[in-house]
Amino acid sequence: MSEVQLEKLLIDPPAEFAAQANAKADLYEKAAADRLAFWADEAENLDWFKKWDKVLDDSNPPFFKWFVGGKINACYNCVDRHVKTWRRNKAAIIFEGEPGDSQVLTYDQLYGEVQKFANVLKSLGVQKGDRVTIYMPMIPEAVIAMLACARIGAPHSVVFGGFSSDALRDRINDAKAKLVITADGGWRRGKVVPLKANTDKALEEAPTVEKVIVVKRVGDAAQINWVEGRDLWYHELMAKADRHCEPEQCDAEDMLFILYTSGTTGKPKGILHTTGGYLTQANMTMRYVFDIKDTDVYWCTADIGWITGHSYVVYGPLSAGATVVLYEGGPDYPDKDRFWAIIEKYRVNIFYTAPTAIRTFMKWGLEYVQRHDLSSLRLLGTVGEPINPEAWMWYYKHIGGERCPIMDTWWQTETGAHMVSPLPGITPLRPGTATLPLPGIEVDVVDENGEPAKEGYLVVKSPWPSMMRTIFGGDECYVNQYWSRFNGKYYFTGDGAKRDDLNYIWVTGRVDDVLNVSGHRIGTAEVESALVECQEVAEAAVIGKKHEVKGEAIVAFVILKEGVQPSDELVNKLKKHVAAKLGAFCRPDDIIFTAELPKTRSGKIMRRLLRDIAEGRAIGDTTTLADPGVMAELKEKYASKEE
């Protein structure tokens, strides 16, 4: 089928699936009739120490509050309440390490470990409201650390283990973290990720950190340095810790976590999420979008360093009492069938991954898929970026066996949980579209003036429970970045979108200066700043070009300082510097040296024109450029680079 034909295809829910689905068709009607009553009903699926006085306080927009006056604890909802039921001996976490080691933690075992580690944190002076940075591999201790922080009311800031020491330092300092939890190292494609070494370097310029807790994951291969008085072994602390720790009765609006995301300014923004509303929507979407059943084994491949890992590895599935697979390594180690081997080994029923991964699997070929029995799968999901229809169909046919509904989910770090997604058993599926806003969510496509349109900007028209509350330490930035585009009327997502003949929403990608590389959001300003730090570089402009696997690839146009000559060695040096500064996933694919950049008369770089060059399109309108002749030279240089 052609892409046009695929975009018109409609796949009805299997009748057998629909009959047993958690979500029923009347959900949309209930939510439309009384949105706040709908969300109040959903909040009743959690355990509250004290029920709320008011569902939504919208008296001070855009600083909305949900379940005002309610008292709750996220850890209690993820662990304690299950231990009081038959789930006590149910597997909560099934861990698979990259070297092949494995571990199962029941809800009762998780309960004990979390309480002990909560007492460890308390013994080191961590109190309610203190920020704790977690920089860990995908191991059970990372989940235990998150839940222990939530238990005592200490907001966590999880930093992706692929980030560099500089990126870690900036996030520690912005959060003013009191304590860091890390590991001696992690495993990635057979190599050691030097987490402890990166932490040591970051802490050279992070004065608020008092202690570092280190999990022994790698052992002697990590060759770590030890700072006496500051560094403490996780296993030694846990051996002495008491197994009982009462959960803190947190206000619904108490901060649960900060998670840093790339911005257009070059400075990462601390997205602040609170407890009651966030947990309500994470739990609701787990039940309705993923149709989670007590017999399911569920696997989301995201790292806990991203929002998907927070909401759909930890808080969503555990609050729903699910069995969660946790995998440490890459999809191609020791071979390119590792994901399929894990699905077969643990009889995974629900599988949630990124379009980037799916396109990579397509490129590797069916040979690796066909080695394994994937018949246990009953539902698939995608996250992180729009999925192209061809990849959707490959996933549907070869991974799901044409029997598994695909939940193409649109949401963001800022939204906290799914916003636009099909509901399995209800929504007819169409390859490449996230379909419709979920019940209780009011999302629309609008034009420049905020009026409904077939194509334009994706906005959220009313507050939702799991929404970010602000940028940590940056209320003004929060208002300017997310609410000023439409004068406070709508939340602006930063994404473009269009609607089709069924009114389904197709997300077309970012409209600001944020790239989506393999599902990771990277600010162009961050990469530009890293390049300009190099003594050879005078100026840089970074754009994303379409990439068949990663979605977008980073292309940097660089002006060198007077007297500096372009060379392949310099290209490699600049790429390595960006990777060291920000993380390997931020490394540019291409670096083009140029004498000039396309700028308006006011000095603004026209990145739109650079994208035209990188993607081989006809050059757009150049009338506003100070020197339109720049484009011909740039186009010629890029063409010669591609040859």
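Here, buried means under 20% relative accessible area, exposed over 50%, and partly exposed in between (1.4 Å probe, protein chains only). The model is predicted, so local features need pLDDT of at least 70 and side-chain atom pairs count only at pLDDT 80 or more, while totals for chains, interfaces and linings use all residues. Residues are numbered from 1 along each chain as its sequence is written, and side-chain values use heavy atoms, with hydrogens and water left out.

**View 1. Helix H20 is mostly covered.** Helices (H or I, at least four residues) and strands (E, at least two) are DSSP runs, numbered from the N terminus. H20 spans residues 607–614, and six of its eight residues are buried: Arg-607, Leu-609, Leu-610, Asp-612, Ile-613 and Ala-614. Just past the helix, look for Gly-616, with a positive phi of about 70 degrees.

**View 2. Asp-590 sits in strand E30.** The strand covers residues 590–593. Asp-590 is buried, at a relative accessible area of 10%. Its side chain makes a polar contact with the side chain of Lys-545, at 3.4 Å (a pair of N or O atoms within 3.5 Å; within protein, one must be able to donate a hydrogen and the other to accept it, and residues adjacent in sequence count only if both atoms are side-chain atoms).

**View 3. Phe-117 belongs to the largest nonpolar core.** Such a core is a set of buried Ala, Val, Leu, Ile, Met, Phe, Trp, Tyr and Cys residues joined through side-chain atoms within 4.5 Å. Beyond neighbours within four places in sequence, Phe-117 is in contact (heavy atoms within 4.5 Å) with residues including Ile-144, Ala-148, Tyr-234 and Met-238. A second, separate core of 17 residues includes Ile-605, Ala-614, Leu-634 and Tyr-638.

**View 4. Phe-163 and Arg-171 are among the residues lining the second largest cavity.** On a 1 Å grid over the protein atoms alone, a cavity is a set of points where a 1.4 Å probe fits but cannot get out, and lining residues have an atom within 4 Å of a point. A volume is the space filled by probe spheres set on the points, which are joined across faces, edges and corners. This cavity holds about 40 Å³. Also in its lining are Val-158, Leu-259 and Trp-306, among others.

Technical notes: On a 1 Å grid over the protein atoms alone, a cavity is a set of points where a 1.4 Å probe fits but cannot get out, and a pocket is an open set with protein on both sides within 12 Å along at least five of seven lines; lining residues have an atom within 4 Å of a point.
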